[in-house]
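Work through the exercises below with the sequence and the coordinates at hand. Each task is followed by a stepwise solution.

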Amino acid sequence: MRERVAVIGLGYIGLPLSLSFAMKGTPVIGVDANPRLVEEINAGITHHLESYQGKGIQDILQEELASGRFRATTDYREAVPGALAIVVTVGIPIKNGDPDTSPLLSAIASIGELLEPGQIVIVRSTVIPGMTGGVIREILEEKSGLEAGEDFDLAYCSERIAEGRAFEEFENMPVALAGVNGRSAAAAEAVIAKVTTKAPIHRASDMAVVEISKVMENVQRDVNIAMVQEFARLTEALGLDIHEVIAVANTHKRVHLLTPGPGVGGYCLPNALYYMLPRAEEHGVPLELLRLARRINDHVPAFLAAQVDRWVKGKGKAPSDVTVAVLGIAMKDFSSDDRISPPLDTVERLQQSGYRVKAFDPAVPTPYPFKVENFEEAIRGADVILILARQEGIPFEEISRWRPLAAPELFIVDTRNVYRPEMLASLRVDYWKI
């Protein structure tokens, strides 16, 4: 009897999903196209910042490797044959506003060439609505010579986790799925229930319903954030604190405003609109509000750079004479993920204007020419400090200790609501909070 699961793609979703299966007793072989990543994972190394019941993901990884319940490979032939289910977490990158489906479809073709009767293929990537029942099904059937819903099962299950809470949310987040037919939906539910043990699993009528609902879930947060960015401009003009305003508004039981920040990053929210656009344009639906929200959020790094420019000009300085310390380059607080990260866009704009930039983020492993090794090096001599992501290892609360390391005239741009103005009153700091 088949029991093992193959997970295709070992990134921010695939690795914690693999380990979630393994921790629940299901053996897993994970596949990734990146040989270096596979080598690191098999050596028990990961840079993800996840934990479960007080245990970090690196400890969990090492335990599951030692138990034999999990290992990684670049070879589909080691993972697909003999598996009960193949769960696909390969993403669709956006290039110049267009979805690049080639990585996902290449993975699907590799699966199809090895697919066996009786297996279950579950797509758990964010896709263009209609893909699973369309091109994905076609490739699997063409490569395998098998029929979906008859010889093998095919389903779509949306991924809803937040990075940093993956293990808990795989277990506790309600799941939506659908299959090519009822049998496939039931087969997929049985597999997903091995991980989602404390939340309901909702079966939809059609895979496209789940596909587009997943995209809408992300887009609505993108729109919400764009709205509060606009509110922040207004409250600033009125001399009010946007964070206090939002906290008061959210006391209403039917209101849930998110908070403004340095922009919207990561793989999910910024890309969501572009997964929807091909279908919308095909049917002549303009999606004007959603496009506007994306433009507003894309503009935030330029807006932050403009705040720096305004202060520098007010001091009679030139950008070439100013050092900017950027604290946090991850796409959100307490994350190692720097994909589509607004802080990186902000750094690029500052460098293009001629500023000297030093960035520090102890969680992000990616090397950059402007990145420095420690906090003190970043702020030493800095004229401007941009707070773009909170991380363990950035001692914001110790500002009275490290303030003398920065320049005598200092401008702090706080996009993460770290400080209150009265906290800085005695420290000779010009302060602006988004």
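The model is predicted, so local features need pLDDT of at least 70 and side-chain atom pairs count only at pLDDT 80 or more, while totals for chains, interfaces and linings use all residues. Residues are numbered from 1 along each chain as its sequence is written, and side-chain values use heavy atoms, with hydrogens and water left out.

**Exercise 1.** Give the strand order of the open sheet and name its edge strands.

Solution. Step 1: take helices (H or I, at least four residues) and strands (E, at least two) as DSSP runs, numbered from the N terminus. Step 2: count two strands as paired if DSSP finds at least two bridges between them. Step 3: the 8 strands then follow the order 5-2-1-6-9-10-11-12, with mixed pairing. Step 4: strand 5 (70–73) and strand 12 (201–203) each pair on one side only and are the edges. Step 5: on average, neighbouring strands of the sheet are turned by 25° against each other, direction ignored; axes are lines fitted to C-alpha atoms, for helices over the stretch in contact, and angles run from 0 to 180 degrees between N-to-C directions.

**Exercise 2.** Describe how strand 11 is joined to strand 12.

Solution. Step 2: Ala176 has His202 in strand 12 as its bridge partner.

**Exercise 3.** Which strands does helix 1 lie across?

Solution. Step 1: apply the contact criterion, heavy atoms within 4.5 Å. Step 2: helix 1 (residues 14–23) lies across strand 1 (5–8), strand 2 (28–31), strand 5 and strand 6 (85–88). Step 3: the helix runs at about 145° to strand 5.

**Exercise 4.** Is Ser184 buried or exposed?

Solution. Step 1: locate Ser184 in helix 8 (residues 182–192). Step 2: Ser184 counts as buried because its relative accessibility is 0% (buried is under 20% relative accessible area, exposed over 50%, partly exposed in between; 1.4 Å probe, protein chains only). Step 3: leaving aside residues up to four places away in sequence, Ser184 touches Gly149, Phe152, Asp153, Leu154, Ala155 and Gly179.

**Exercise 5.** How many cavities of 30 Å³ or more does the whole structure hold?

Solution. Step 1: on a 1 Å grid over the protein atoms alone, a cavity is a set of points where a 1.4 Å probe fits but cannot get out, and lining residues have an atom within 4 Å of a point. Step 2: join grid points across faces, edges and corners, and take the volume as the space filled by probe spheres set on the points. Step 3: the search finds 3 cavities. Step 4: the largest has about 50 Å³ of space, and its lining includes Arg124, Glu169 and Phe170.

Notes: 1 Å grid on protein atoms, 1.4 Å probe; cavity = no way out; pocket = protein on both sides within 12 Å on 5 of 7 lines; lining within 4 Å.
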